[in-house]
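Please work through the following exercises with the sequence and the model at hand. Each task is followed by a solution in steps.

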Amino acid sequence: MLNINVSKKLASFVFQFKHEIPCHGVTAILGVSGSGKSTLINLINGLIKPDIGCIKLNQTTLVDTEKGIFTTPEKRQIGTVFQDALLFPHYKVIKNLTYGAKSLNTERFDEIVSVLNIGSLLNRYPAMLSGGEKQRIAIGRALLAEPKLLLMDEPLSALDMPRKKELLSYIDKLVNDLNIPIVYVTHNINEVKRIAQHVAVLEQGKLQIYGDTEQILQSDYLKEWL
Amino acid sequence: MILTEFEWQTLLLSLKIAGAAIIFSLPLGILTAWILARCQFIGKSLFDSIVHLPLVLPPVVLGYLLLLTMGRHGIIGEWLNNYFHLSFSFNWQGAALASAVVAFPLMVRSIRLAIESIDSRLEKVARTLGAKPFRVFMTITLPLAFPGILMGTVLGFARCLGEFGATITFVSNIQGETRTIPLAMYTLLQIPDGESGALRLCIVSILLSLIALFLSEMLNRWHKKKLTG
């Protein structure tokens with residue numbers, strides 16, 4: 001379980017999130033732009049600190065402002081895939097993929113390369129890749145660091161429609177074949193329908209509704225989204 | 001153009017002084033640039049101003065300040081001499097120190113701009129992949145700032161080669177010890193029939209700067225090609 005109870009003052013509102021997110025399957029965080037989705041991701045991965053509150057991942061305290069605990073991002077074992085792939089431009093794909101790997105597990109490497117179908121790209125530099133390919137490498141890179149949880153912050157939003165479809169099928173495979181818990185941030189309801197088992201809807205930095213995807217999609221709250 | 005023994009000596013001394021100045025000030029220059037580019041702290045503006053002060057102060061003032069602080073009876077110089085037998089007075093090490101001080105802000109400025117132009121999200125991604133800040137700096141920031149570091153090094157090196165005022169004030173103009181190309185040209189221009197010798201050194205100076213710029217451009221292109229595939 002990912003247990004979150006945090007508060008952070010942002011420019012236009014106070015972000016307040018209190019909920020438990022299951023550490024299995026895909027949990028989608030749905031919300032319009034500026035609703036605080038990326039803030040939530042950055043609070044979980046440690047790139048920003050909450051003003052008050054605590055975050056626990058499987059009983060391990062990552063943040064507890066009362067006790068003065070703050071685990072730095074490199075110690076959290078939480079992978080993040082951002083909107084832009086953010087590959088290291090000076091490294092070839094293979095070096096990008098293995099950057100976070102503590103020791104190279106060849107079997108795991110081959111498995112991830114095969115699931116994401118990136119075997120032919122290993123010796124290229126990021127500048128030679130398409131948007132979809134870059135994003136697949138970014139996912140592979142995050143997975144090879146062996147995270148306990150994978151955060152995906154609108155990973156498809158910078159891609160065109162064919163690339164979105166292509167990458168969604170890879171994310172499907174990821175969930176089915178690699179069995180890694182994913183928190184998936186999006187403002188696209190079709191992506192939620194396709195991959196998520198649970199949905200949390202954010203508005204103005206507050207959790208509005210949470211539940212199973214089916215249940216949430218039928219709720220009155222999401223009528224205007226459909 | 002075949003150089004005379006005096007010209008060779010002057011050229012090699014200038015290269016030694018400029019090279020030492022750059023080698024010893026580069027790590028500090030990179031650290032200072034990184035602090036200015038990436039850190040927020042109280043007094044940052046003051047720190048920034050102090051770093052850039054040599055850029056606007058007359059070199060003679062810098063030389064005099066060095067004399068007061070780093071000379072044999074200076075505040076720091078005396079201490080260094082007593083405890084480490086390290087002296088900067090009237091020797092080539094002093095000339096290198098004077099050059100380094102004058103070139104420092106130019107170097108920092110160039111490196112700082114390079115670090116600021118790096119997408120800081122790349123450094124954040126590296127942190128989420130388990131890299132500690134030092135590893136992030138060594139594997140992401142430093143390689144990506146390479147063109148700026150190179151440009152800063154070349155600019156600093158060229159500034160060191162051209163340094164005159166601080167050097168002559170701090171370590172004087174001693175043949176074979178502190179007489180670099182500009183000081184040798186100045187000396188030649190003070191004596192009758194010295195003009196042709198000064199002109200020859202002037203050509204050497206221009207060639208040296210052109211070679212440094214050419215090499216930096218080649219390295220920069222190689223780096224750019226690597227990044228863009």
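This is a predicted model: local features need pLDDT of at least 70, side-chain atom pairs count only at pLDDT 80 or more; totals for chains, interfaces and linings use all residues.

Residues are numbered from 1 along each chain as its sequence is written, chains are lettered from A and ligands numbered from 1 in the order in which they are written, and side-chain values use heavy atoms, with hydrogens and water left out.

**Exercise 1.** Classify the aromatic pair of Phe88(A) and Tyr91(A).

Step 1. Rings of Phe, Tyr and Trp (its six-membered ring) pair if their centres lie within 6.5 Å; planes under 30 degrees apart are stacked, over 60 edge-to-face and the rest tilted. The whole structure holds 9 aromatic pairs over all chains.

**Exercise 2.** Which residue lies over the face of Phe88(A)?

Step 1. The criterion is NZ of Lys or CZ of Arg within 6 Å of the ring centre and within 35 degrees of the ring normal.

Step 2. Arg141(A) lies over Phe88(A), 4.6 Å from the ring centre. In chain B, Lys16(B) lies over Trp92(B) at 4.4 Å.

**Exercise 3.** Is Thr10(B) buried or exposed?

Step 1. Buried means under 20% relative accessible area, exposed over 50%, and partly exposed in between (1.4 Å probe, protein chains only).

Step 2. Thr10(B) has 2% relative accessibility and is therefore buried.
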